Amino acid sequence: MAQFPKGFLWGAASASYQIEGGVKEGGRGESVWDAFSHTPGKVKNGDTGDRAADSYHRWREDVQLLKDMGLGAYRFSLAWPRVAPRGDENWNAAGLAYYDGLVDALLDAGIEPWVTLYHWDLPQALQDKGGWQNGDTARAYAAYAAKMGAHFKGRVTRWITFNEPQCFVGLGYGSGEHAPGLRLRAEDQMLCWENMLAAHRLAVRALREIDGENRIGLASCGGVSCPASDSPEDVEAARRHMFPEDGVFRGFSHDSLLDPLCLGEGDGRPDFIGLNIYHGAVVRMGEAGPEEVRHPVGGPRTAMGWPLVPQSLEWGTRFVYERYGLPLYITENGLSCRDWVSLDGKVHDPGRIDFLARYLRALSAGIAAGADVRGYFHWALTDNFEWAEGYDQRFGLVYVDYSTGERIPKDSAAWYRKVAASGGAEA
């Protein structure tokens, strides 16, 4: 049986471009993902986020879903181009009003809003000026963060500056798989990293000056390494594999991403670290040092093709807390399944329930071993637009019929409700 600390936070997560739709409503400006998804060949099946899960119109239903599950928090992102259509300080009143309604409804339902300021949907107007290659983007982001902090003062106190920088830089400006679809040289990608880090520091400073109650973090998805056995040799091999000798968290493309932010003092040091963990590498000590162990042939994999590695939640939290000593939250964890509506009108997803039980038990083991983990956000609340995968992947606790927007809670939603109500004991 899993055990979690008293007051442990149970929540669900989402991101603006993946769920909202309404891309041309309420004065919203164009984002890099609008431009990218409308470029032929960039997204599977030619899918776009134009409608997504239609949360722009159905957000009240989503709040009710969270309430029905008894969850204490909702992690969602603000669409920068919805509140600042051109990325400047000409704020869009209709966009702010949309998020006012969502935040107020969450608070009325007893659900704490956890706001991600940047989940990849950069205003296209800023990309036209160089995007994250341009230092002006960092200054524009700082102004945006300050405006959001002031606007939601007293209502929002939990902020995440950036979601998975290594993805929006590495995939967006490196491999070109994600928006804006560029393939830059390493030195030009480095400039994007430097501007993102500057933006983070400026935002943290602004949010702290606005409200001393604000707590600010960054959500990462750096690679997790797990020991192949409990032997001290394999544990050390996994630690060294995850944190090589140069001090870089494996999976991050910039050597100053976490260490200066978490180990140093000053404006950029976060109050907590968010970890987005779905799987990990299994590592043993070989003759020449740490070596990865191949996942079993024919072993279990999610619909995304990711291997099941439940122990990644144990060792990922243990190693990160050991290194940085900051409170941790699992800001994303879940899986895509081949879900559909059965003849009885329900959505049965036993694979998701089994997956989550395994991962939550491993997380409990990490906490028992000393990791200061204070909350868990399931990815995702609803099925949504899964970036370059389009609508082929379903991660939600709630099924979405994309033709109508109808929501159908899956079996996993009822199971997760019991987990939250029991403080994790039912996992």
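**Ground rules.** I am working with a predicted model, where local features need pLDDT of at least 70 and side-chain atom pairs count only at pLDDT 80 or more, while totals for chains, interfaces and linings use all residues. I number residues from 1 along each chain as its sequence is written, and side-chain values use heavy atoms, with hydrogens and water left out.

**Whole chain.** I found 14 helices and 13 strands in the chain; these are DSSP runs numbered from the N terminus, with helices being H or I of at least four residues and strands E of at least two. The radius of gyration, taken over C-alpha atoms, is 20 Å, close to the 22 Å that the globule rule gives for 427 residues, so the chain is as compact as a globular protein of that length. That rule is 2.2 Å times the number of residues to the power 0.38. I also noted that the C-alpha trace spans about 60 × 55 × 45 Å along its principal axes.

I checked burial next: 59% of the 427 residues count as buried, meaning under 20% relative accessible area with a 1.4 Å probe, protein chains only.

**Helix pair.** I looked at H13 (residues 350–368) and H14 (residues 411–421), whose axes come within 9 Å and cross at roughly 30 degrees. The axes are lines fitted to C-alpha atoms over the stretch in contact, with angles from 0 to 180 degrees between N-to-C directions. That makes H13 roughly parallel to H14, a label for angles under 35 degrees. On the H13 side I listed Arg352, Ile353, Leu356, Ala357 and Leu360, which meet Asp411, Ser412, Trp415 and Val419 in H14; contact means heavy atoms within 4.5 Å.

- I found a cis peptide bond joining alanine 179 and proline 180, with omega about 5 degrees; proline 180 sits in the loop between H8 (165–175) and H9 (186–210).
- The bond from tryptophan 379 to alanine 380 is also cis, with omega near 10 degrees, and alanine 380 lies in the loop between E11 (373–379) and E12 (398–400).
- Aspartate 54 has a positive phi of about 60 degrees and counts as buried at 10% relative accessibility.
- Tryptophan 120 has a positive phi of about 90 degrees, and tryptophan 120 is buried at 5% relative accessible area.

Key. Angles under 35 degrees count as roughly parallel, over 145 as roughly antiparallel, 65 to 115 as roughly perpendicular and the rest as oblique. Buried means under 20% relative accessible area, exposed over 50%, partly exposed in between (1.4 Å probe, protein chains only).
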